[in-house]
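Please read them alongside the coordinates.

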Amino acid sequence: MSAQTYLAYDFPLLSAFWAMLWFFLWIMWFVLLFRIVFDIFRDDSLSGWAKTGWLAFCIVLPFLGVFVYVIARGKNMGRREIAHAREQQDAMDSYIRQTARGGDDRPSSVDELARLSEIRARGDITDEEFRKAKDLVLSGAGPSAPAPHTTSTSGR
């Protein structure tokens, strides 16, 4: 009686599992390799020669180079990535604020009119000066408010 013996790797489902596992590990290896290459270029504390050395080490001996890099410099990889993400977020926030403001550093006409009203309420300019400055602001030409005069006709 000759019975055929099946081994575990002869089953098609297990074979598919092993193929998927190796494929996943291969993809994860490339993800790790690219993250390390990007980290090498992102790190400002490394000199050009050090970056070249690490890059050559990771290309010539990829497995050993990546493992040594992760052991030697892996602790700060996350910190550099977080710092880079914060810089990008700050740049995006700054761009959004600048764009929402209108792209220039001049205050809006509403802000200028409010400031003129405050100056008039304090008595630093007369009603005539307020009216002229308001016309300038609404027409979009000229400075936001005239400088308060030291010799005013209002006696203040």
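1. Residues 12-34 are 100% helix and 0% strand, with 33 Å between the end C-alpha atoms. Helices here are DSSP runs of H or I with at least four residues, strands are runs of E with at least two, and both are numbered from the N terminus.

2. The model is predicted: local features need pLDDT of at least 70, side-chain atom pairs count only at pLDDT 80 or more, and totals for chains, interfaces and linings use all residues. Residues are numbered from 1 along each chain as its sequence is written, and side-chain values use heavy atoms, leaving out hydrogens and water.

3. The unreviewed UniProt entry places "transmembrane region" at residues 12-34 and 54-72; such annotations may be inferred rather than shown by experiment. Residues 54-72 are 95% helix and 0% strand, yet their end C-alpha atoms lie 11 Å apart.

4. Helix α1 (residues 12-42) packs on helix α2 (residues 48-60) at about 170°, the axes being 9 Å apart. Axes are lines fitted to C-alpha atoms over the stretch in contact, and angles run from 0 to 180 degrees between N-to-C directions. The pair is therefore roughly antiparallel (angles over 145 degrees).

5. In that contact (heavy atoms within 4.5 Å), Leu-33, Ile-36, Val-37, Ile-40 and Phe-41 of α1 meet Lys-51, Trp-54, Leu-55 and Cys-58 of α2.

6. Overall, the protein has five helices and zero strands. Buried residues (under 20% relative accessible area, 1.4 Å probe, protein chains only) are 19% of the 156.

Conventions. Parallel < 35°, antiparallel > 145°, perpendicular 65-115°, else oblique. Buried < 20%, exposed > 50% of the residue type's maximum accessible area, 1.4 Å probe, protein only.
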